[in-house]
Amino acid sequence: MAAKPGAASTTYSPIDPTNKTRPSIFTGSDVDWLRPDSRAFQQCRPAFFRTGAVNSAAGSAYAEFGNTKVIVSVFGPRESKKAMMYSDIGRLNCNVSYTTFAAPVRGQGSDHKEFSSMLHKALEGVIIVETFPKTTVDVFALVLESGGSDLPVVVSCASLALADAGIMMYDLVASVSVSCLGKNLLIDPVLEEESYQDGSLMIACMPSRYEVTQLTVTGEWSTSKFNEAMQLCLDASAKLGEIMRSCLKEAASATQE
Amino acid sequence: MRQEEMVTPGEVLGKATEVKAGKGTYVAKHNGFVYASLTGLLRTVSPPPESPDQRPTVEVTGHKAHGAVPEPGSVVIARITKVMARMASADIMCVGPKSVREKFTGTIRQQDVRATEIDKVDMHLSFRPGDIVRALVLSLGDARAYFLSTAKNELGVVSAESAAGGTMVPISWMEMQCPLTGQIEQRKVAKNES
């Protein structure tokens with residue numbers, strides 16, 4: 001799958017809003033944090049997307065951000081279960097699961113059971129549910145390898161899969177997360193950075209309409225740091241949105257011929 | 001019609017004051033722009049010259065045969081699964097010319113089988129399990145099934161198997177004959193457009 005990169009597998013690093021060199025403070029140590037893959041703090045991993053990965057699903061997408069590999073299949077709109085009540089708008093059903101070999105230590109899929117409902121919250125505001133009454137759209141996300149920043153990659157990949165399935169949406173959803181390590185803000189953290197983080201901020205937003213569908217904050221944040229982190233995320237999401245659009249267009253043009 | 005270009009969900013297609021939102025697009029209320037809601041080819045359709053609203057219509061046609069969903073007013077092909085005293089259950093397999101990825105459940109009620117003498121309809125003389133029927137979707141129905149109707153000449157049983165196992169030939173709007181045994185069985189037969 002990694003043989004041929006997608007249309008624009010370039011980084012989508014945002015513009016550094018502060019524009020001044022950071023004081024090298026990292027709690028308890030004189031050494032500034034060095035990113036394992038030698039990226040800059042404001043630099044994101046190169047993004048690779050491919051749609052149409054799963055033939056049997058209505059729509060599907062595969063995303064690879066460094067070591068984080070995710071595949072999402074979308075089924076639907078299909079008949080809701082008989083037990084469900086009548087609904088004159090469509091329903092969305094999300095499921096995120098990890099393979100046993102996704103984490104560095106092999107075992108039962110990581111305890112990220114809340115990712116399913118978080119993915120649901122990120123996507124429910126984007127789908128135009130009035131267009132498929134009485135039916136259900138099922139989104140199944142499988143994390144093949146967890147290399148950090150898993151949920152943002154899942155959300156972006158899921159919105160591509162939904163677009164590939166032909167489900168009507170208000171816009172694509174691009175999602176980026178930022179980790180706070182001491183005084184540093186690291187965008188698109190890897191697993192190691194996430195384990196050291198003091199706080200994290202994840203934003204899922206619609207790049208073209210500039211609206212946020214989901215905002216998740218953990219840890220302690222000062223107001224200025226928070227504003228800076230949000231700006232970073234929104235900027236990066238806009239650029240990620242461009243990459244996603246070009247991937248969709250390329251795939252659609254390929255099927256046209 | 002103008003040149004076609006590929007658009008993705010969320011791309012701005014124009015202002016609501018200048019273009020009308022067709023299929024695959026929507027109007028955002030807060031800023032009055034028309035956005036695409038599907039991935040596909042963008043087409044601009046000029047309005048008919050005598051209409052009062054002279055805005056061209058923009059529409060996006062999905063590049064995929066987006067597995068169809070039955071909608072009220074669409075003609076579907078279904079297979080009868082169960083016949084009861086007052087209704088028949090059917091599995092919808094095709095919507096218009098497209099087949100569905102996973103079947104939907106439909107119901108044909110006694111009063112929707114034909115247009116005349118609807119209270120004297122005998123369901124077992126109209127359908128048998130396994131028949132392929134062409135029906136019209138009346139409405140979304142209830143939680144369990146769509147409501148279908150065969151109350152038109154061109155709607156009804158399109159293909160059926162006789163008790164002996166041969167594919168039957170329609171004789172009239174009420175009867176079909178088995179080519180193997182010559183037996184006549186009663187069905188609500190669809191009229192072919194010929």
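Reply: Happy to walk you through it. In this predicted model, the largest nonpolar core has 67 residues, and the members that touch the most others are Tyr12(A), Phe49(A), Leu119(A), Val139(A), Leu162(A) and Leu240(A). Helix H2 of chain A, residues 150–165, supplies the largest share of this core, with 11 residues.

Leaving out residues up to four places away in sequence, Leu162(A) touches Val74(A), Leu123(A), Ile127(A), Val137(A), Val139(A), Ile167(A) and Met169(A). One of these partners, Val139(A), is also listed among the core members with the most contacts. A second, separate core holds 29 residues, among them Phe104(B), Ala135(B), Val137(B) and Leu148(B).

For the setting in chain A, there are 4 helices and 9 strands, arranged along the sequence as β-β-β-β-α-β-α-β-β-α-β-β-α. Of the 257 residues in this chain, 52% are buried. Among contacts with a separation of 6 or more in chain A, 71% link residues 24 or more positions apart.

Over in chain B, Thr150(B) lies in the loop between strand E12 (146–149) and strand E13 (156–159). Thr150(B) counts as buried because its relative accessibility is 0%. The side chain of Thr150(B) comes to 2.7 Å from the backbone oxygen of Val113(B). Beyond its neighbours within four places in sequence, Thr150(B) has contacts including Ile108(B), Phe127(B), Arg134(B), Leu155(B) and Lys188(B). Ala135(B) is also in contact with Thr150(B), and Ala135(B) belongs to the second core.

Note on methods:
Residues numbered from 1 in each chain as written. Chains lettered and ligands numbered in written order. Predicted model: local features only at pLDDT ≥ 70, side-chain atom pairs only at ≥ 80, totals over all residues. Heavy atoms only, no water. Helix = DSSP H or I, 4+ residues; strand = E, 2+ residues; numbered from the N terminus. Buried < 20%, exposed > 50% of the residue type's maximum accessible area, 1.4 Å probe, protein only. Contact = heavy atoms within 4.5 Å. Polar contact = N/O pair within 3.5 Å; in protein donor to acceptor, adjacent residues only side chain to side chain. Core = buried A, V, L, I, M, F, W, Y, C linked by side-chain atoms within 4.5 Å.
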